[in-house]
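Hi,

Here is the structure I promised to pass on. Have a look through it, and then read my notes below.

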Amino acid sequence: MIRRGALIKMGAIFVVSAIIATLVAVLIPWLPESASEEMDGIIFTYWFATVICIGIFALVAAVIIEAVWSFRVQPDDDTDGPPIHGHTGLEIAWTVVPAILVIAIGVVSAVVLAQNADAGDDALEVKVFAQQFAWRFEYDGQVMSDELVLPVDRGVEFRLESADVIHSFWIPEMGQKQDVVPGVQTEIAITPTRTGRFTLVCTELCGLGHSTMRAPVRVLEEQEFEAWLDERAEAGGPPPGEETGGEETTGGEETTGGEETVGGAQELGRTTFADAGCGGCHAFEPAGTDAQIGPALDDLEAAAQAAGTPVEEYVRESIVEPNAVLAEGYQAGVMPSTYGESLSPEALDALVAYLSEDTAP
Ligand code: CUA
């Protein structure tokens, strides 16, 4: 039989342990502030499981501390402990209660998971292309962007594709996380609930540049979003025909086949630079980028001279075969060597011209 005094002591230990565990749970900001409906569900699940865990922790702490303290043996006591034949009621309780709690956590998780998989009927579809080490986004099958722009309070259905290895799509404030697997199209739904700026990060170790594989995320009011989309559709036209392998698409006033106008080629070079994510790693003044993962591209003439190669040839080689000549202080294997295949010949030519010409003194 448990003595009354022991029960009171255990009750006190239970309360103190529960308070300490609650403070640890509440005072430390374990999760970012939610910015999506899905994150609200995830945070609910987190607290549902945490409250149960705090209760169990306090109960176990109370029983262990009381047992260790009240039933400790004296240093010279070598006798055996009393024989105990178990307690059927207690055993049933400690089997049934945890089973109910674990099932409850499972049910709540399953419901939240099912809700979070559904972007709703009016969902916006955004294609996401991941490659070492950049993200690109496609809207309506035509607008390309290397910034993820989303409307607030509207479900978004992401369709994810990888060009090379496994990456993982995660915006911390929006909770949802999904692997991007080569050869498979994966999907994920997000409904942003507040406007603001966030960051999309890759959470799957995908190579030397993994930690730099990030993209800015901007959530706008619906009208602002539509205006942005219209503006991009007019400015950009269809994306350069990368990965299609077929006919170059007609963009702007550019003509297919035959001689391209200088303006058209320059425009294609500029959009290729943006769409292939070059600015994610390289500083290049004409494009207004200042990243420092790879070498700056503003003085390629000098670099080509140092390598003893004509500048256009040097630039082309550096894109198609990035490990052939390494800029001082930069490692091999960081820049993907897939651009020779992923860029169309026209886009590659235009990119080479764009980088070579604009750096001429
Ligand atoms: Cu892509 Cu890590």
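The protein has nine helices and 12 strands (DSSP runs, H or I of at least four residues for helices and E of at least two for strands, numbered from the N terminus). Its radius of gyration, taken over C-alpha atoms, is 30 Å, well over the 21 Å that the globule rule gives for 361 residues, so the protein is more spread out than a compact globule; that rule is 2.2 Å times the number of residues to the power 0.38. Along the principal axes, the C-alpha atoms fill a box of roughly 95 × 50 × 35 Å.

Please keep in mind that this is a predicted model: local features need pLDDT of at least 70 and side-chain atom pairs pLDDT 80 or more, while totals for chains, interfaces and linings use all residues. Residues are numbered from 1 along each chain as its sequence is written, and side-chain values use heavy atoms, without hydrogens and water.

Now to the sheet. Five strands form an open sheet with mixed pairing, in the order S3-S2-S1-S5-S8; strands pair if DSSP finds at least two bridges between them. The edge strands are S3 (143–145) and S8 (186–190). Strands S1 (residues 124–131) and S5 (residues 156–162) run parallel, joined by seven bridges, and valine 126 has phenylalanine 158 in S5 as its bridge partner.

Phe158 turns up again in the largest nonpolar core, of 36 residues, among those that touch the most other members. Such a core is a set of buried (under 20% relative accessible area, 1.4 Å probe, protein chains only) Ala, Val, Leu, Ile, Met, Phe, Trp, Tyr and Cys residues joined through side-chain atoms within 4.5 Å. Another core, of 18 residues including Phe284 and Tyr314, lies apart from it.

Best wishes

Terms used. Buried < 20%, exposed > 50% of the residue type's maximum accessible area, 1.4 Å probe, protein only.
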